[in-house]
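Visitor: I have a chain to look at and some questions about it. Please show it first.

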Amino acid sequence: MNITINQQPVQLPANASVADAVVHWQAQPPFAVAVNTDFVPKSRYAMHLLAEGDRMEVIAPVTGG
């Protein structure tokens with residue numbers, strides 16, 4: 001299936017979860033995830049299945065000022 005992660009097109013297997021997408025994206029902690037602008041708690045990554053066309057954002061804090 002095709003989704004976007006941080007506005008980049010990504011192809012994942014059917015029935016991929018947020019956890020699968022995070023591994024594919026090689027996200028380094030700390031980060032938060034939103035799918036279609038809805039926050040997904042880390043405890044739900046493996047259970048939250050993605051669908052064709054979903055938009056996922058992996059958001060990392062930025063330090064400095």
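Predicted model: local features only at pLDDT ≥ 70, side-chain atom pairs only at ≥ 80, totals over all residues.

Visitor: In what order do the elements of the protein chain run from the N terminus on?
Guide: Helices (H or I, at least four residues) and strands (E, at least two) are DSSP runs, numbered from the N terminus. The protein chain has 1 helix and 5 strands. Their order is β-β-α-β-β-β.

Visitor: What is the radius of gyration of the protein chain?
Guide: The radius is taken over C-alpha atoms, and the globule rule is 2.2 Å times the number of residues to the power 0.38. For 65 residues that rule gives 11 Å, and the chain comes close to it, so it is as compact as a globular protein of that length. The radius of gyration is 11 Å.

Visitor: Which residues have the most contacts inside the largest nonpolar core?
Guide: Nonpolar side chains tend to be buried together in soluble globular proteins. A nonpolar core here is a set of buried Ala, Val, Leu, Ile, Met, Phe, Trp, Tyr and Cys residues joined through side-chain atoms within 4.5 Å; buried means under 20% relative accessible area, exposed over 50%, partly exposed in between (1.4 Å probe, protein chains only). The largest one has 17 residues, and those with the most contacts inside it are Val 18, Val 33, Leu 50 and Met 56.

Visitor: Which element gives the largest share of this core?
Guide: S1, H1, S3 and S5 each give two or more residues to the core. The largest share is 3 residues, and it comes from H1.

Visitor: Which residues does Val 18 touch?
Guide: Contact means heavy atoms within 4.5 Å. Residues up to four places away in sequence are not counted. Val 18 then touches Val 33, Val 35, Tyr 45, His 48, Leu 50 and Met 56.

Visitor: Which residues form the aromatic pair?
Guide: Rings of Phe, Tyr and Trp (its six-membered ring) pair if their centres lie within 6.5 Å; planes under 30 degrees apart count as stacked, over 60 as edge-to-face and the rest as tilted. The count comes to 1 aromatic pair. It is stacked, 6.4 Å centre to centre with 15 degrees between the planes, and its members are Phe 31 and Tyr 45.

Visitor: How many residues apart in sequence are the parts that this pair ties together?
Guide: Phe 31 lies in the loop between H1 and S3, and Tyr 45 in the loop between strand S4 (38–40) and strand S5 (55–59). Phe 31 is partly exposed at 23% relative accessibility, whereas Tyr 45 is buried at 9%. The parts tied together are 14 residues apart.

Visitor: How far from Asp 54 is the nearest side chain of opposite charge?
Guide: Asp 54 is buried yet has no salt bridge, that is, a side-chain nitrogen of Lys or Arg within 4 Å of a carboxyl oxygen of Asp or Glu. Lys and Arg count as positive and Asp and Glu as negative; His and the chain ends are not counted. The nearest side chain of opposite charge is Arg 55, at 7.3 Å.

Visitor: Where is the cis peptide bond?
Guide: Most peptide bonds are trans. Pro 30 lies in the loop between helix H1 (18–25) and strand S3 (32–35). With omega about 0 degrees, the cis bond joins Pro 29 and Pro 30.

How values were computed: Residues numbered from 1 in each chain as written. Heavy atoms only, no water.
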